[in-house]
Amino acid sequence: MAEQPLLLADLSWPEVRDILPQVGIVLIPVGSLEQHGPNIAEQSDHRLAFEVSKRVSARLYPRVLVTPPIPFGVSHHHMRFPGTITLEPETFIAVLRDVVKSLARHGLKRFLFVNGHGGNEATLGVAVVKIQEEVPVEFLGSCSYWRLADDLLRERLGDRLYGHACEFETSVALALAPEIVKTGALARGKFRERAVELRERARRYGITIAPYFDELTANGVFGDGTQASAEFGQEVVERVVGRLCEFIEYVLSRPKD
């Protein structure tokens with residue numbers, strides 16, 4: 001990377017003051033601290049969201065400021081596996097609001113949550129609506145990083161069951177943070193077929209259900225981590241970072257109303 005990312009936590013307050021006029025948008029990485037089977041450390045979701053955000057910031061330096069990742073999310077469905085920490089949705093929204101509110105007081109007006117945890121998506125949708133009603137912002141949005149590469153995932157993985165500590169997530173971790181991958185313990189998901197069938201059928205009909213994760217897979221893996229590779233992960237990362245940069249460039253180029 002030609003530039004280093006612009007990380008709020010690494011700056012002194014005079015450095016923040018001096019760089020503020022050049023900052024166009026703030027990325028707030030969010031994730032969770034939850035089980036990822038035997039395949040990846042529990043920090044996976046917030047760490048990968050942070051690493052993606054750093055690469056976007058470096059590519060668009062100095063227009064993109066990155067906050068420290070918010071490490072806890074809405075993870076009730078993983079609580080039957082030891083080590084998982086969950087927030088109530090209301091707590092999660094309150095934390096996000098207070099982060100945006102704090103930074104808005106310093107003159108920052110555009111914010112994007114970069115999410116690494118599927119269980120956060122519904123709450124993030126509510127958070128965006130609620131925060132923009134309470135805090136004066138010019139732009140507020142949320143994205144889950146992997147959805148920026150949905151077409152690539154469909155092309156490479158087809159109809160396989162995947163989505164947690166699986167081929168793609170373990171591959172992204174190998175590309176961005178290989179030290180959190182438990183390479184000696186990679187495993188395929190031990191699926192519980194009846195629960196998985198109900199989940200997939202509900203999705204087909206657009207019906208929302210919330211199974212506990214141990215009802216879907218005995219070892220916490222939904223997919224096949226043994227098929228992961230750093231090369232595939234890097235391909236996903238490039239697609240995600242490129243598209244996120246394109247969207248941010250568009251947001252920053254829009255004239256103010």
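**Entry 1: strand β4.** I began with the side-chain directions in β4. Arg 110, Leu 112 and Val 114 point one way, while Phe 111, Phe 113 and Asn 115 point the other way. I checked burial too, and all of them are buried. In a regular strand, side chains alternate between the two faces of the sheet. I note that this is a predicted model.

How many of the six residues of β4 are buried? I counted six of the six, so β4 is largely enclosed by the rest of the structure.

**Entry 2: the neighbours of β4.** I looked up the pairing next. β2 and β4 are parallel and share five bridges. Here Val 30 has Asn 115 of β4 as its bridge partner. β4 and β5 also run parallel, joined by six bridges. On that side, Phe 113 has Ser 142 of β5 as its bridge partner. I then traced the chain from β4 through helix α4 (residues 121-134) to β5, and the three make a right-handed β-α-β unit.

**Entry 3: the cores.** Nonpolar side chains tend to be buried together in soluble globular proteins. I looked for the largest nonpolar core here and found 45 residues in it. Phe 168 and Ile 248 have the most contacts inside this core. Elements giving two or more residues to it include β2 (25-30), β4 (110-115), β5 (139-144) and α9 (230-253). Which element gives the largest share of this core? I found that α9 does, with ten residues.

I listed the contacts of Phe 168, leaving out residues up to four places away in sequence. Phe 168 touches Tyr 145, Trp 146, Leu 153, Leu 157, Tyr 162, Gly 163 and Phe 232. A second, separate core has 25 residues, among them Ile 93, Leu 103, Leu 108 and Phe 113.

**Entry 4: aromatic rings.** I found six aromatic pairs in the structure. I took Phe 247 and Tyr 250 as my example. Their ring centres are 6.5 Å apart and their planes are at 45 degrees, so I logged the pair as tilted. Both sit in helix α9, three residues apart, which puts about one helical turn between them. Buried, exposed or partly exposed: what is Phe 247? Phe 247 is partly exposed, at 37% relative accessible area. Tyr 250 also counts as partly exposed, at 48%.

**Entry 5: charges over rings.** I ended with two arginines. Arg 80 lies over the face of Tyr 212, 3.8 Å from the ring centre. Arg 199 has its charged end over the ring of Phe 222, 4.5 Å from the centre.

Note on methods: Residues are numbered from 1 along each chain as its sequence is written. This is a predicted model: local features need pLDDT of at least 70, side-chain atom pairs count only at pLDDT 80 or more; totals for chains, interfaces and linings use all residues. Side-chain values use heavy atoms; hydrogens and water are left out. A nonpolar core is a set of buried Ala, Val, Leu, Ile, Met, Phe, Trp, Tyr and Cys residues joined through side-chain atoms within 4.5 Å. Buried means under 20% relative accessible area, exposed over 50%, partly exposed in between (1.4 Å probe, protein chains only). Helices (H or I, at least four residues) and strands (E, at least two) are DSSP runs, numbered from the N terminus. Contact means heavy atoms within 4.5 Å. Rings of Phe, Tyr and Trp (its six-membered ring) pair if their centres lie within 6.5 Å; planes under 30 degrees apart count as stacked, over 60 as edge-to-face and the rest as tilted. A charge sits over a ring if NZ of Lys or CZ of Arg is within 6 Å of the ring centre and within 35 degrees of the ring normal. Two strands pair if DSSP finds at least two bridges between them. A crossover is right-handed if, with the strands pointing away from the viewer, the path from the first strand over the helix to the second runs clockwise.
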